[in-house]
Amino acid sequence: MPELPEVESLRRMLARSATGRSLLHATVKEARLRRAVPADFAAAIAGRKIERIGRRAKYLLIELSGGSVMLVHLGMSGSLTHRRAGFDPGRFDPRHDHIEFALDDGSRLVYNDPRRFGLIKLVRLAELASLAELKGIGPEPLGAEFNAEYLWRMTRGRTAAIKNILMDQRIVAGVGNIYASEILFRARVRPTRRAGRVTRAEIARITTITAEVLREAIGSRGTTFRSYRDSRGQPGRFAERLRVYDRAGQPCPACGAAIGSVVVGQRSSFYCPQCQK
């Protein structure tokens, strides 16, 4: 599933290419996404201008004229590409181009989603903070609110694994399985450690490294293993820089020990048994 770096990379690219464009009309070819696209969706967005493109956690927020916001979640396999002159659609199966938005410059925004676990929802801007999808989400890990003191408070007395804490969207917004593994490796903390037993110094390392890893991944346009593509249809490059994720049995880049794997919170987690205590 695309995590914060993938969605933020997509946001930045679309902000440059699509902000200021008007949505002439939308064509809904398949309404059965995670939640059905309403029958009046196309009529509701027709003629609206894209004023700003933001992000909250793993959600893309496309602000439109008239006080509306299009909430987009890519689910497991979704992509939102800006198809302009020269765009190569060859890597996308047209059978999964479920929603197309025609823009006033002749280009198209196309939502493609083979598994249909994604979400596209039109809401009022004034209602955004109270939406069930966004309500209760924790602070953004690239913002000032996510700091060592905050994470120290949130981990005290917790018996849950520290990796589960990092992936809990109520505590930290947007961090998923891939980046939690990478963060904890660089912080030298084993993913299975009880959160309440992680020291203050380790918590400080985790918060600093969280921002470092996420910014590095954003700079590489995120991570692609199978389906994720950016707005130009290109894969993310951060997979080349992963140190432990999906590398079980391979040598640790720091000490040479074999990378181990363990299931934490029903997700495969990767770590170095020597570097991470």
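Contact here means that heavy atoms lie within 4.5 Å of each other. In this predicted model, and leaving aside neighbours within four places in sequence, L151 is in contact with F146, I165, L166, I171, I203, I206 and T207. L151 also belongs to the largest nonpolar core, which has 37 residues; within this core, L151, I162, Y179 and I206 touch the most other members. Helices α3 (148–155), α4 (162–167), α5 (177–187) and α6 (200–219) each supply at least two residues of the core, and the largest share, seven residues, comes from α5. A second, separate core of 26 residues includes L14, V37, I53 and L103. In soluble globular proteins, nonpolar side chains tend to be buried together.

F117 is located in the loop between β7 (108–112) and β8 (119–124).

The count of salt bridges comes to 20. In one of them, D104 is paired with R21, and the closest N and O atoms are 2.6 Å apart. D104 lies in the loop between β6 (97–103) and β7, whereas R21 lies in the loop between α1 (4–18) and β1 (23–28), so the pair ties together parts that are 83 residues apart in sequence. A salt bridge also joins K121 and E133 (3.1 Å, N to O). Here K121 counts as partly exposed, at 23% relative accessibility, and E133 counts as buried, at 9%. In the salt bridge between R170 and D168 (2.9 Å, N to O), R170 is exposed, whereas D168 is buried. Finally, E8, R11, R12, R55, R56 and E140 are linked in a network of salt bridges.

Key
Residues numbered from 1 in each chain as written. Predicted model: local features only at pLDDT ≥ 70, side-chain atom pairs only at ≥ 80, totals over all residues. Heavy atoms only, no water. Helix = DSSP H or I, 4+ residues; strand = E, 2+ residues; numbered from the N terminus. Core = buried A, V, L, I, M, F, W, Y, C linked by side-chain atoms within 4.5 Å. Buried < 20%, exposed > 50% of the residue type's maximum accessible area, 1.4 Å probe, protein only. Salt bridge = Lys/Arg side-chain N within 4 Å of Asp/Glu carboxyl O.
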